[in-house]
Amino acid sequence: MQTSRTTPSRLAKRAHYDEATIHPILDEALFCTVSFVVDGQPMAIPTAFARKESSLYIHGSVGSHFIRAIETGAPVCITIMLADGLVLAKSAFHHSVNYRSVVIFANAEKVTDADEQMNALALITDHLIPGRWDDLRPTTESEMRKTTVLRFSLAEASAKVRTGGPNDDPEDMDLPTWSGVVPLQTVRLTPVAREDTPAVPLPDYLH
């Protein structure tokens, strides 16, 4: 949704407010940063998350200062960024980054339904490692009592995207300085097994 808070003050043409742009960025990103204020002190906490439909879920310890500070509905700003490339121009001024980002303004809703809590934990686990949840021992009641799950609406969210090459000044085009894009990507490397437990074959979802 476009609001005064989700409308960028610079390069507004790069902003998007549709789910078709926002949701894929959230689904690809592994972590978000939750920003909030406590007694006038700004805080920003990176954490794992997962999306389901128009909601974003995070979890944490019931004793976490971070969780306790926002679980009653304090306003937060959640940010996500995927870096796709370093944009190298012929001047430092025009260097940039190709990226896809999302900014969300919301208030935390504490999840109290047991089924929704468990489903959210499964979503977060499988968002990080698809297929992992079904391979784990069942979560115990004791573990659930120690865990808080928070839900955030995606109603007030916007994406901002930059693609393409550098915007060199016309008078710089003939300079003998390389310009272009250095692509970036996040790659999962070969898993490393724990050494002090019995050998277990690598599961298919980690290949």
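Because the model is predicted, local features were required to have pLDDT of at least 70 and side-chain atom pairs pLDDT 80 or more, whereas totals for chains, interfaces and linings use all residues. Residues are numbered from 1 along each chain as its sequence is written, and side-chain values rest on heavy atoms, with hydrogens and water left out.

The chain contains four helices and 11 strands (DSSP runs numbered from the N terminus, with H or I over at least four residues for helices and E over at least two for strands). Along the principal axes, its C-alpha atoms fill a box of roughly 65 × 45 × 30 Å. Of the 207 residues in the chain, 34% are buried, where buried denotes under 20% relative accessible area, exposed over 50%, and partly exposed in between (1.4 Å probe, protein chains only). Among contacts (heavy atoms within 4.5 Å) between residues at least 6 apart in sequence, 73% join residues at least 24 apart. There are 19 positive and 26 negative side chains, and the centres of the two sets are 3 Å apart. In this count Lys and Arg are positive and Asp and Glu negative, with His and the chain ends not counted; each charge is placed at NZ of Lys, CZ of Arg, CG of Asp or CD of Glu.

In soluble globular proteins, nonpolar side chains tend to be buried together. A nonpolar core is defined here as a set of buried Ala, Val, Leu, Ile, Met, Phe, Trp, Tyr and Cys residues joined through side-chain atoms within 4.5 Å. The largest such core has 28 residues, and Val34, Ile58, Ile70, Ile78, Ile80, Ile104 and Phe152 touch the most other members. Two or more residues of this core come from each of α1 (19–28), β2 (31–38), β5 (55–61), α2 (65–70), β6 (75–88), β7 (96–107), β9 (147–153) and β10 (157–162). Another core, of nine residues, lies apart from it and includes Ala48, Tyr57, Ala120 and Met144. Beyond its neighbours within four places in sequence, Ile70 is in contact with Val34, Phe36, Val76, Ala108, Leu150 and Phe152.

Four strands form an open sheet in the order β4-β5-β9-β8, with antiparallel pairing; two strands are taken to pair if DSSP finds at least two bridges between them. β4 (50–52) and β8 (109–110) are the edge strands, each with a single partner, so one side of each is left without a neighbour in the sheet. Three bridges join β4 to β5 in the antiparallel sense. Within this pairing, Lys52 has Ser55 of β5 as its bridge partner, and Arg51 has Leu56. The two strands form a hairpin with two residues between them, and Glu53 in the turn has a positive phi of about 55 degrees. β5 is mostly covered, five of its seven residues being buried. Its antiparallel pairing with β9 extends over seven bridges, one of which sets Ser61 against Thr147 in β9.

Thr148 is also found in strand β9. This residue is buried, with a relative accessible area of 3%. Apart from neighbours within four places in sequence, Thr148 is in contact with Ile58, His59, Gly60, Val62, Ile67, Glu71 and Lys110.

Five of the six residues of β10 are buried, so this strand is largely enclosed by the rest of the structure. β10 pairs with β1 (residues 15–16) in the antiparallel sense over two bridges, and His16 stands opposite Ala159 in β10. β10 is also joined to β7 by six bridges, the two strands running antiparallel; Tyr99 stands opposite Arg162 in β10.

Asp84 lies in strand β6 and is partly exposed, with a relative accessible area of 27%. With neighbours within four places in sequence set aside, Asp84 is in contact with Asn98, Tyr99, Arg100, Val182, Pro183 and Leu184. Asp84 and Thr163 are 79 residues apart in sequence, and their C-alpha atoms are 8.4 Å apart in space.
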